[in-house]
Amino acid sequence: MTIKAIILDLDGVITDTAEYHYRGWKHLADDEGVPFDREANDALRGVSRRASLELLMGEAIARYSEEQIQELMARKNAYYVAMLDSITPADFLPGAWELLQEIKARGLKVAIGSASRNTMTVLTRLGIPDFFDGISDGYGVVRAKPAPDVFVYAAGLVGVPVAQCAVIEDAESGVEGALVAGMVAIGIGPEERVGKAHFRYDTTAQVNLEEILRE
Ligand code: B16
Ligand code: MG
């Protein structure tokens, strides 16, 4: 079936905020005396803020009240948001800007499907707050990836049936969500992470729209 819309994940596909997420979680983990390193951070890729906190705290989460959990998430987010000030239009991942231009030039709808509640801030810092036909972020849906909700919502925003949407994702949970949504899944990253996708490329710069649209 013809692809009429491309839904892009934000962190890890368009720009690399993973380092800032890492530093934010590391700061929080140090505050709380919880061990955390870059390897543990890998498991948080594409994972919602709350689920990330649960992974970070492990069993210790049981010692915190709901109010304390909310405060922990707010504190990490404050650390993270302070770092977003340093993002500029120079911070597109290689090939991401060109890919966005190509999608539009081919007359396809283009949307964001991100777990992040900071999506608008990041898009504004990159200088593209008005570029997309639809923005589906962490505010629009209750169930986080690997649930398909964030992508199905994006499809609705751009008025394209799910079977005619393709999703570009760097997280295993995101690829799973795209497949459950019944969309074409395009994975960015290694086989062991995004190998279940219909198409896989090592980096955003290597995405071959010609090949994907030919299907
Ligand atoms: P926030 P994506 C995800 O964005 C990130 O990959 C993940 O590390 C983060 O925890 C999640 O957004 C929530 O972000 O705390 O800003 O709401 O990859 O889905 O664009
Ligand atoms: Mg991502």
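User: What makes the area between domain 1 and domain 2 count as buried?

Analyst: Buried area is the accessible area (1.4 Å probe) that two parts lose on being put together, summed over both. In this predicted model, domain 1 and domain 2 bury about 1000 Å² between them, with 48% of it on carbon and sulfur atoms. In domain 1, Asp-11, Asp-16 and Asn-118 lose the most area to domain 2, together 37% of what that side buries.

User: How do you know where domain 1 and domain 2 lie in the chain?

Analyst: Domain bounds come from an automatic or database domain assignment. That assignment gives domain 1 as 5-16 + 89-213 and domain 2 as 18-84. The contact, meaning heavy atoms within 4.5 Å, takes 14 residues from domain 1 and 11 residues from domain 2.

User: Why is the pair Arg-45 and Asp-170 called a salt bridge?

Analyst: The term requires a side-chain nitrogen of Lys or Arg within 4 Å of a carboxyl oxygen of Asp or Glu. The closest N and O atoms of Arg-45 and Asp-170 are 2.6 Å apart, so the pair meets the criterion. Across the interface of domain 1 and domain 2 the rule finds 1 salt bridge, while the overall count comes to 16 salt bridges.

User: What separates Glu-19 and Arg-23 in helix 1?

Analyst: Glu-19 and Arg-23 form a salt bridge, with the closest N and O atoms 3.1 Å apart. Because they are 4 residues apart in helix 1 (residues 18-32), about one helical turn separates them. Helices (H or I, at least four residues) and strands (E, at least two) are DSSP runs, numbered from the N terminus.

User: How do you know which residues surround ligand 1?

Analyst: A residue is near a molecule or strand if one of its heavy atoms lies within 4 Å of it. On that basis 16 residues surround ligand 1, the closest being Val-47, Ser-114, Ser-116, Arg-117 and Asn-118.

User: Which conventions apply?

Analyst: Residues are numbered from 1 along each chain as its sequence is written, and chains are lettered from A and ligands numbered from 1 in the order in which they are written. Local features need pLDDT of at least 70, side-chain atom pairs count only at pLDDT 80 or more, and totals for chains, interfaces and linings use all residues, while side-chain values use heavy atoms, with hydrogens and water left out.
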